[in-house]
There are 2 protein chains.
Amino acid sequence: MGKQFLEITEKEVVERVIADLSAKLAKKNVAETEKVIIGEALGRIASTGIFSPLNIPPFDRSTMDGYAVVASDTFYSAEDKPSSLIIKGYIQAGEFPSHSHQYVEKGYCVGISTGAPIPKGANAVVKVENAFEYVDVAMAVEGGEKGKKIKKVKIYKPVAPAENIMLLGSDIKRGEKIVRNGTTLTPRETGVLAACGIKEVFVRKKPSVAIVSTGNELVAPGDHLVPGKIYDVNAQTLNDSVRDTGCVPLFLGIARDSLEEISAKMKESLAKSVDVIIVSGGTSAGVGDLLPTAIEEFGEIIVHGVDIKPGKPFILGMIQGKPVFGLPGNPTSALITFNLFVAPLLRTMLRDYEEGERRKTKRIKVKAALRIFSEPGRNEYVLVNLVKMKPPEEENFFAYPILSGSGAITTLSKADGYIFVEKGREIIEEGEKVEVELFISL
Amino acid sequence: MGKQFLEITEKEVVERVIADLSAKLAKKNVAETEKVIIGEALGRIASTGIFSPLNIPPFDRSTMDGYAVVASDTFYSAEDKPSSLIIKGYIQAGEFPSHSHQYVEKGYCVGISTGAPIPKGANAVVKVENAFEYVDVAMAVEGGEKGKKIKKVKIYKPVAPAENIMLLGSDIKRGEKIVRNGTTLTPRETGVLAACGIKEVFVRKKPSVAIVSTGNELVAPGDHLVPGKIYDVNAQTLNDSVRDTGCVPLFLGIARDSLEEISAKMKESLAKSVDVIIVSGGTSAGVGDLLPTAIEEFGEIIVHGVDIKPGKPFILGMIQGKPVFGLPGNPTSALITFNLFVAPLLRTMLRDYEEGERRKTKRIKVKAALRIFSEPGRNEYVLVNLVKMKPPEEENFFAYPILSGSGAITTLSKADGYIFVEKGREIIEEGEKVEVELFISL
């Protein structure tokens with residue numbers, strides 16, 4: 001039975017030892033990263049800057065339903081004096097202009113839908129609202145057959161070059177940083193990653209915790225309960241308690257009360273690179289020195305015995321820089337010592353994640369940095385960026401409206417939130433207090 | 001283009017419609033249950049009472065390391081006048097007494113470890129601290145060989161019948177209710193379920209949400225980006241936004257801008273018994289009436305067009321009692337309309353789960369219902385049950401200490417929390433204010 005219970009440590013001392021250890025481990029843990037697929041990236045913290053591998057949009061793209069034209073063909077168009085262009089064909093979103101009837105030259109146009117690529121030759125898009133399609137019977141078109149029906153469109157308003165076109169890479173450029181290191185990935189970020197076709201990202205690792213139950217009398221729930229055996233409770237309780245902290249449990253199964261089996265579980269834990277090991281059972285007098293002996297085989301014992309009840313036989317050891325907790329086999333004692341000593345360590349190791357959660361203020365009052373105009377007759381959500389004010393007011397923010405082309409991914413990724421301008425209001429004055437519904441955590 | 005945008009509904013009206021709808025759906029949703037394995041039951045709400053299929057402990061079990069005896073053999077034992085018993089053998093936790101050397105008769109005993117089954121004939125256990133093992137050379141044992149070494153134990157203190165034994169079923173009886181309908185399953189409950197060997201439980205269903213992206217120009221992130229196409233953003237954004245509410249997203253893939261494909265996705269959603277359907281894209285003028293037409297094929301349209309910007313083409317329909325949301329294809333507009341109209345509905349449908357979270361007060365001040373004694377020289381955690389006080393103070397509670405055998409699962413499952421009695425304090429007076437660290441949500 002050796003030195004068991006010879007040195008009972010005071011609860012406060014154990015708490016201090018664990019607090020110091022936690023802080024060290026948390027610092028080390030920030031450097032540890034893992035790769036996750038985008039589908040599992042929500043809520044994780046990016047551990048590198050992330051850059052776009054492609055231009056967005058990947059081609060010049062129409063932002064309107066209408067007609068792709070040579071802008072100069074429309075310069076003299078007016079309500080009472082429309083220009084008239086021949087429609088060579090149509091291009092839909094998802095198509096790519098590859099046929100000659102999808103190329104535009106002066107005097108011609110191509111019907112185009114929102115999101116479709118701009119055909120070669122065109123440099124602007126006339127909105128469908130400013131155009132009228134009709135069928136003309138050919139009169140004297142060069143090379144045309146007399147009497148042939150020709151589709152044409154009347155243009156009632158001029159367009160400038162590039163109007164209603166989102167240019168290749170104008171939203172996000174290839175190589176541009178789209179997520180900063182340390183950002184908590186919300187649906188906005190995962191959406192931007194999807195837009196860039198990114199499938200996997202590196203994120204800060206969540207500590208993983210090996211869980212081992214010891215005891216000859218234990219069988220796993222679900223197995224056949226032979227006489228003399230009982231179902232293992234702690235595997236479930238500790239597994240779920242670890243999940244509750246946000247860390248990742250890894251149950252390694254039941255070890256019999258033998259040094260070989262307990263040592264084998266330690267080796268398995270180390271091989272699996274877990275961050276923390278929890279062994280329940282095997283700490284009290286009956287089973288003897290098995291767990292302490294196993295710990296000393298690989299590392300050292302820091303605490304063995306605390307002045308608390310229940311939970312006196314609690315063990316804390318260190319193996320290769322990883323904490324090993326020995327909790328009593330009694331389920332209530334195991335849960336209490338977990339909550340008292342293990343949970344605070346795991347929470348500190350996860351503190352980046354916890355801080356992200358805590359900083360999730362949903363709304364904030366800020367000052368409008370500019371005069372903001374809103375469309376009359378509509379409730380408008382104006383996307384804004386927040387910029388810190390100068391001292392002595394640096395805890396407050398200015399809101400700058402984001403003026404962005406429709407369909408821009410960057411509107412989604414770069415906005416910090418939005419302000420609501422209710423129907424009937426058309427102007428928010430510079431310096432006016434406004435409330436921002438936040439996308440980000442401050 | 002039909003009746004699109006003919007009837008723009010006011011934002012407040014849409015919000016009211018959705019609030020009414022949410023309340024109805026939430027009520028209906030409480031009745032929906034699903035089966036989950038214990039490993040995935042954490043945080044779920046039990047939708048039935050759960051009963052133990054077995055007795056716990058499943059056999060009379062020693063609560064101490066020591067010697068299983070016939071109690072009457074020890075009645076006259078004293079420090080200066082120990083009784084002496086012959087040790088027939090030993091039984092360890094996990095073994096079952098099946099050999100004759102594990103049966104006890106008067107004058108004999110069996111060495112026993114904590115958790116081991118009580119051998120036939122024994123009716124009490126003497127703690128190892130009150131016993132001393134030695135080897136006696138046989139003198140005149142009946143039928144014994146002279147000179148044979150006999151293992152014996154001196155007993156220094158009497159034990160009463162049943163002392164240090166936890167009787168079969170004394171912790172939990174077969175058929176006893178171990179979890180109430182409506183309980184949020186914490187590690188305590190999942191531990192008790194494990195103790196009873198229960199592998200699956202019925203829990204309240206979390207609403208599932210089908211997500212469909214529409215657009216000829218979309219390809220799934222990870223697929224090859226052919227010219228003219230862009231990556232689908234909304235599948236990711238909406239999937240993660242649904243996850244953020246706590247509901248279960250089910251992405252059904254990309255539909256091309258065709259009535260057949262959109263209708264097929266509706267059918268697939270219904271076949272999969274989802275609770276809510278979200279379709280993004282296909283709401284604006286360019287794509288025409290596809291989504292509204294598909295909705296009207298199976299159900300009806302409630303709202304088509306809201307006086308907000310962005311988000312004007314928002315659609316709400318109902319198909320077979322399930323809400324169908326049509327969100328704009330533009331990622332920012334999709335996210336804003338999701339947050340504005342879809343998230344509140346999903347949160348209301350999940351309100352049981354949300355209330356469970358909200359009620360998680362960690363600590364509460366209560367009155368001690370009885371005088372509570374604590375062991376001197378140890379920090380003690382006393383498990384308590386809380387009982388409401390009588391009017392007019394019924395918002396306050398009395399704490400009753402739980403006096404329970406060591407190793408009892410019920411201590412874990414029936415305690416509402418614990419009070420901490422620091423070293424040096426031995427008594428908490430009846431009526432004294434104490435702080436309870438809660439296991440449960442109040």
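**Entry 1: a sheet in chain B**

In what order do the 6 strands of the open sheet in chain B run? I wanted that settled before anything else, keeping in mind that I am looking at a predicted model. The order I noted is β7-β4-β6-β5-β9-β8, all in chain B, and the pairing is mixed. Going from one strand to the next, the twist averages 40°.

A reminder to myself: strands of a sheet pair through backbone hydrogen bonds, and they can do that either parallel or antiparallel.

I then picked one pair from inside this order. Strand β5 (residues 83-91) of chain B goes with strand β9 (residues 149-155) of chain B in the antiparallel sense, over 4 bridges. To find the spot on screen I used Ile86(B), whose bridge partner in β9(B) is Lys152(B).

**Entry 2: around β20 in chain B**

Next I followed strand β20 (residues 315-319) of chain B, which runs antiparallel to strand β18 (residues 300-304) of chain B, with 4 bridges between them. Here His304(B) has Ile315(B) as its bridge partner. β20(B) is also joined to strand β21 (residues 322-327) of chain B, by 5 bridges and again antiparallel. Leu316(B) is the residue I clicked on, and it stands opposite Phe325(B) in β21(B).

What sits between β20(B) and β21(B) in their hairpin? I found 2 residues between the strands, and Gln320(B) in this hairpin takes a positive phi near 50°.

**Entry 3: where the two chains meet**

Strand β19 (residues 308-309) of chain A is joined to β24(B) by 2 bridges, and the two run parallel. Lys309(A) is the place to look, with Glu380(B) as its bridge partner in β24(B).

Then I checked how the copies are related. The same surface serves both copies, as 99% of the contact residues of chain B recur in chain A.

**Entry 4: chain A as a whole**

I looked up the make-up of chain A and got 8 helices and 28 strands. Its radius of gyration is 34 Å, well over the 22 Å that the globule rule gives for 442 residues, so chain A is more spread out than a compact globule. Along its principal axes, the C-alpha trace of chain A spans about 110 × 55 × 35 Å.

Chain A is divided into domain 1 (11-32 + 206-355), domain 2 (39-57 + 171-204), domain 3 (61-166) and domain 4 (363-438). I zoomed in on domain 2 and domain 4 of chain A, whose centres are 24 Å apart. Their contact takes 9 residues from domain 2 and 5 residues from domain 4 of chain A. Which element gives the most to the domain 2 side? Helix α2 (residues 187-195) of chain A does, with 5 residues. By class, I listed this side of domain 2 as 5 nonpolar, 1 polar and 3 charged residues.

Note on methods:
Residues numbered from 1 in each chain as written. Chains lettered and ligands numbered in written order. Predicted model: local features only at pLDDT ≥ 70, side-chain atom pairs only at ≥ 80, totals over all residues. Pairing = 2+ DSSP bridges. Contact = placed C-beta atoms within 7 Å. Domains from an automatic or database assignment. Nonpolar A, V, L, I, M, F, W, Y, C, P; charged D, E, K, R; others polar. Axes fitted to C-alpha atoms, helices over the stretch in contact; angles between N-to-C directions. Rg over C-alpha atoms; globule rule 2.2 N^0.38 Å.
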